[in-house]
Amino acid sequence: MQHTQSYFHEKDVQTLEATSAIFRLGKKYGIDHLRDEAQRRLAAKLPTSLHSYDTLRHGERINTPRGFTVECINLARNEGLLRFLPYCFIRLNRYSISTIFNGFRLSNGKLLTLSLSDQHIYVVGLTLFRAAMVEEMFGWLVNSSCQCSSCSDARLKHAIMLLKPDLNLNQHPMTKWKESWEDGLCKSCIATAKVSYEVGRKIVWEKLPSFFGLPQWKDMLEL
Ligand SMILES: [Zn+2]
């Protein structure tokens with residue numbers, strides 16, 4: 001037992017392959033602590049709440065080489081770990097559509113691909129996700145009671161930058177409020193925009209699974 005548990009110094013960085021193997025081992029032989037620790041390790045990289053998204057740290061628990069997200073999606077599908085899929089899908093946002101369709105060439109020469117059904121789910125979901133972001137999180141760019149012309153100019157400037165087709169937020173699409181978005185806005189506009197953004201961010205996070213045809217968070221977390 002001592003030997004088995006030595007796999008799980010939580011701070012150690014593991015490969016996804018190792019974590020997956022340990023998860024499957026724990027599941028197959030009913031060794032709950034192995035399965036649970038592997039799930040915790042996955043959860044450290046694949047948040048299932050907005051709080052864990054906000055506190056996500058790079059370089060912890062599991063290595064994230066090229067193709068990591070696709071490997072995680074395939075793992076989640078194979079093992080029924082649906083709760084990890086919403087974040088995986090929005091994490092794909094950092095890659096071009098052609099990369100996702102053509103697959104990821106790994107250093108060992110292997111081509112890693114997303115299943116055709118998940119490619120379809122991703123493209124549909126991404127459209128819904130971006131539309132919800134514009135509607136719920138960035139409404140403050142277009143709606144304001146402040147008539148001040150410098151605030152209107154600033155909003156227009158931010159809108160041009162933020163509402164590009166890629167929303168200019170590839171790496172962290174659900175990012176916390178950024179101070180740079182306050183440039184040129186009056187105090188009142190800043191306060192209103194921040195509240196509106198945070199409320200919208202919570203709404204979008206709650207809706208995230210639905211964009212990708214998944215059950216609600218609470219149902220997936222009970223699985
Ligand atoms: Zn203003």
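Good morning. Please keep in mind throughout that the model before you is predicted.

I begin with the chain as a whole. The protein chain has 223 residues, and its secondary structure comprises 11 helices and 2 strands. The C-alpha trace spans about 65 × 35 × 30 Å along its principal axes. Of the residues in the chain, 42% count as buried. As for contacts between residues at least 6 apart in sequence, 66% of them join residues at least 24 apart.

I turn now to a pair of helices. Two packed helices are described by the angle between their axes and by the distance between those axes. Our pair consists of helix α2, covering residues 16-28, and helix α3, covering residues 32-45. The angle at which they pack is about 145°, and their axes lie 7 Å apart. The crossing of α2 past α3 is left-handed. Which residues make this contact? On the α2 side they are L16, T19, I22, F23, L25, G26 and K27; α3 contributes L34, R35, A38, Q39, R41 and L42. Sorted by class, the residues of this contact comprise 7 nonpolar, 3 polar and 3 charged.

E79 belongs to helix α5, which covers residues 68-79. Why does E79 count as buried? The relative accessible area of E79 is 14%, and buried means under 20%, so E79 falls in the buried class. Leaving aside residues up to four places away in sequence, E79 touches F23, R24 and K27.

Finally, I come to the space inside the model. How many cavities of 30 Å³ or more does the structure hold? There is 1 of that size. The largest cavity has a volume of about 60 Å³. Its lining is formed by K45, L56, R57, H58, T64, Y87, R91 and R94. By class, that lining has 4 charged residues, together with 2 nonpolar and 2 polar ones. One of the lining residues, K45, may be found in the structure within helix α3, which covers residues 32-45.

That concludes the presentation. Thank you for your attention.

How values were computed
Residues numbered from 1 in each chain as written. Predicted model: local features only at pLDDT ≥ 70, side-chain atom pairs only at ≥ 80, totals over all residues. Heavy atoms only, no water. Axes fitted to C-alpha atoms, helices over the stretch in contact; angles between N-to-C directions. Helix = DSSP H or I, 4+ residues; strand = E, 2+ residues; numbered from the N terminus. Left-handed = near helix turned anticlockwise from the far one by under 90°. Contact = heavy atoms within 4.5 Å. Nonpolar A, V, L, I, M, F, W, Y, C, P; charged D, E, K, R; others polar. 1 Å grid on protein atoms, 1.4 Å probe; cavity = no way out; pocket = protein on both sides within 12 Å on 5 of 7 lines; lining within 4 Å. Points joined across faces, edges and corners; volume = space filled by probe spheres on them. Buried < 20%, exposed > 50% of the residue type's maximum accessible area, 1.4 Å probe, protein only.
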